Amino acid sequence: MIRYGQLQETEINRALFQHFIRHQNVTKCWRKEDGGWVVKAAPFTDDWSEEDYQTLTDCLKNTARTGGFVYAAFRENQLKGFVSVEPQFCGENHRYLDLSSIHVSEDMRREGIGRHLFEAAKKWARDKGAGGLYISAHSAVESQAFYKAMGCAHARFYIQKHVDAEPFDCQLECLL
C-alpha cells in the first residue's frame with residue numbers, strides 16, 4: 001500500500017532517502033539539433049552522489065520553507081517517490097509554477113506513483129492560480145515518454161537559469 005502526503009521542512013533530511021534508489025540506466029536521449037528533436041544514443045548511468053543528496057535535501061527544505069509544495073510517496077514508511085513545485089510564479093506573463101523535481105525510486109517505477117505525484121503537483125499549482133507548470137526535464141527517452149503521457153509539451157519559452165544549469169534537459173510545459 002502506498003501512502004502519500006505533503007512534507008514539511010522538518011521532515012526533510014538525508015535519512016529520508018535511505019531506501020530511495022535514484023539509479024537509472026540511460027541508453028537514448030532526446031537532443032535538439034538544427035531546430036528539431038532527435039533521439040541519439042547517449043549511454044550513461046544516472047545516480048546521485050552524497051553531494052547530490054545534500055543539495056537535493058537543501059533545495060527541498062527551501063521549497064517547503066518558502067511555501068512551495070513537497071509531496072511524497074511512501075511504502076512501508078520508506079520514501080519511494082517525491083515531487084516539488086516552487087512557490088514563485090515564473091515564465092510567460094508570470095503564470096507558471098516551476099516543477100523543480102519529480103523522482104520515483106527505481107524499485108517502484110511503473111506502479112503509477114509518478115502519475116499520482118504529477119497529478120498532485122498539477123492540482124496544487126492550479127489551486128495557487130497557475131496556468132501551467134514549467135519543467136526542465138531529463139532528456140532520457142523513458143523520462144520524456146512519462147512527461148508526454150502526463151500531457152506535457154515542449155515549452156514555448158525557456159527559463160534561462162534551467163537551460164544554463166542543465167543544457168541537455170528538455171524544457172517542457174504542462175498547461176493546467
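1. In H2, the buried residues are Ile 113, Gly 114, Leu 117, Phe 118, Ala 120, Ala 121, Lys 122, Trp 124 and Ala 125. Please keep in mind that this is a predicted model.

2. H2 covers residues 113-127, and its 15 residues should span 21 Å at 1.5 Å a residue. The C-alpha atoms at its ends are 21 Å apart, so the two values agree. After H2 comes Gly 129, with a positive phi near 95 degrees.

3. Have a look next at Arg 110, in the loop between S6 and H2. Its phi is positive, near 70 degrees, although Arg 110 is a residue other than glycine. Arg 110 counts as exposed because its relative accessibility is 82%, and the cut-off for exposed is over 50%.

4. His 94 is another non-glycine residue with a positive phi, here about 50 degrees. You will find His 94 in the loop between strand S5 (78-90) and strand S6 (96-104). With a relative accessible area of 58%, His 94 is exposed. As background for these two points, most residues other than glycine have a negative phi.

5. Finally, a word on charge: Asp 47, Glu 51, Asp 52 and Glu 106 form a negative surface patch. One of these, Asp 47, sits in the loop between strand S3 (36-46) and helix H1 (50-65). Its relative accessibility is 40%, so Asp 47 counts as partly exposed.

Note on methods:
Residues numbered from 1 in each chain as written. Predicted model: local features only at pLDDT ≥ 70, side-chain atom pairs only at ≥ 80, totals over all residues. Heavy atoms only, no water. Patch = residues over 30% accessible without salt bridge, like charges linked within 9 Å, V, L, I, M, F, W, Y side chains within 5 Å. Areas by Shrake-Rupley, 256 points an atom, 1.4 Å probe, with all protein chains shown as cover. Salt bridge = Lys/Arg side-chain N within 4 Å of Asp/Glu carboxyl O. Lys, Arg positive; Asp, Glu negative; His and termini not counted. Charge placed at Lys NZ, Arg CZ, Asp CG, Glu CD. Helix = DSSP H or I, 4+ residues; strand = E, 2+ residues; numbered from the N terminus. Buried < 20%, exposed > 50% of the residue type's maximum accessible area, 1.4 Å probe, protein only. Expected span 1.5 Å × (residues − 1).
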